[in-house]
Amino acid sequence: MTAEEFEEFYAHAVRRLTGQLYVMLGDLQEAQDVVQEAFVRAWSRRGRLVKEAAPEAWIRTVAWRLAVRRWHGRRRSEQAWQRHGGAPPAAAPDPGSVVLVEALKGLSPQQRRTVALHYICDLSVEQIAAETGQSTGTVKTHLSRGRAALADRLQDPRTQEAHGD
């Protein structure tokens, strides 16, 4: 991929990928950071990236892996804070958070990623399996459990009142 082709790819894909990672991660700043870092890594490999070989999937996978590494690092930091008297108080959650993203945060990271890849990225079960390295059966299980959990979390209270629940 030439520099010009890469710049065009970036211009067309960065917002979509950031949105997809936002849904997967539940944190817009984190999504922006890992997508940008993934694009930086892709830039150095642009000669090996081919438009027909799904460079968007490569970026998405790299961004996801970067986020997972950051989670592990944060968990180690939190454990260190706890050993040394606790972390400073956390800021209150942003009141403007999107309901769907909040509901997705209740899913396991793998379920959240699978649901986002299927419903936000429009990937098939087979494509998700190829991108994540999971079997199609595991992908289907994550989708099924994720949908069931989201159905519980996303019920409209007005609908429940009308039905006497």
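Arg60 is buried, with a relative accessible area of 5%; here buried means under 20% relative accessible area, exposed over 50% and partly exposed in between, for a 1.4 Å probe and protein chains only. The structure is a predicted model, in which local features need pLDDT of at least 70 and side-chain atom pairs count only at pLDDT 80 or more, while totals for chains, interfaces and linings use all residues. Residues are numbered from 1 along each chain as its sequence is written, and side-chain values use heavy atoms, with hydrogens and water left out.

The side chain of Arg60 meets that of Glu131 in a salt bridge, at 2.9 Å from N to O. The term denotes a side-chain nitrogen of Lys or Arg within 4 Å of a carboxyl oxygen of Asp or Glu. Glu131 lies in helix α6 and Arg60 in helix α3, so this pair ties together parts that are 71 residues apart in sequence. Helices are DSSP runs (H or I, at least four residues), as are strands (E, at least two), and both are numbered from the N terminus. Glu131 also counts as buried, at 11% relative accessibility.

Three salt bridges are found in a search of the whole structure. Another of them joins Arg16 to Glu56, whose closest N and O atoms are 2.8 Å apart. Because Arg16 lies in helix α1 and Glu56 in helix α3, the pair ties together parts that are 40 residues apart in sequence. Arg16 is partly exposed at 41% relative accessibility, whereas Glu56 is buried, with a relative accessible area of 17%. A further salt bridge is formed by the side chains of Arg41 and Glu37, at 3.1 Å from N to O. Both of these residues, Arg41 and Glu37, lie in helix α2, four residues apart, or about one turn of the helix. Arg41 counts as partly exposed at 31% relative accessibility, and Glu37 likewise counts as partly exposed at 27%.

The nonpolar interior was examined next. A nonpolar core is a set of buried Ala, Val, Leu, Ile, Met, Phe, Trp, Tyr and Cys residues joined through side-chain atoms within 4.5 Å. The largest such core has 38 residues, and Leu21 and Phe39 have the most contacts inside it. At least two residues of this core are supplied by each of α1 (3-25), α2 (28-44), α3 (55-83), α4 (99-105), α5 (109-119), α6 (125-132) and α7 (136-153). Helix α1 gives the most to the core, with nine residues. Phe39 counts as buried, at 3% relative accessibility. When its neighbours within four places in sequence are left aside, Phe39 is in contact (heavy atoms within 4.5 Å) with Phe6, Phe9, Tyr10, Ala13, Val14, Leu17 and Ile59.

Aromatic side chains were then considered. Rings of Phe, Tyr and Trp (its six-membered ring) pair if their centres lie within 6.5 Å; planes under 30 degrees apart count as stacked, over 60 as edge-to-face and the rest as tilted. By this rule the count comes to five aromatic pairs. The ring centres of Phe6 and Phe9 are 6.1 Å apart and the planes stand at 70°, so this pair is edge-to-face. Phe6 and Phe9 are three residues apart in helix α1, and are thus separated by about one helical turn; Phe6 is buried, and so is Phe9. Tyr10 and Phe39 form an edge-to-face aromatic pair, with 4.8 Å from centre to centre and 80° between the planes. Tyr10 lies in helix α1 and Phe39 in helix α2, so the pair ties together parts that are 29 residues apart in sequence. Tyr10 counts as partly exposed, at 29% relative accessibility.

One aromatic cluster is formed by Phe6, Phe9, Tyr10, Phe39 and Trp43. Arg46 lies over the face of Trp43, at 3.8 Å from the ring centre; a charge sits over a ring if NZ of Lys or CZ of Arg is within 6 Å of the ring centre and within 35 degrees of the ring normal. The C-alpha atoms of Arg46 and Thr2 are separated by 6.9 Å, although the two residues are 44 residues apart along the chain. Thr2 lies in the segment before α1 and is partly exposed, with a relative accessible area of 38%.

Confidence is expressed as pLDDT, the predictor's confidence in each residue, from 0 to 100. The protein chain averages a pLDDT of 79, and 75% of the residues score at least 70. Among the elements of the chain, α6 has the highest mean pLDDT (92) and helix α8 (residues 157-162) the lowest (55). Where pLDDT is low, the predicted coordinates should not be read in detail.
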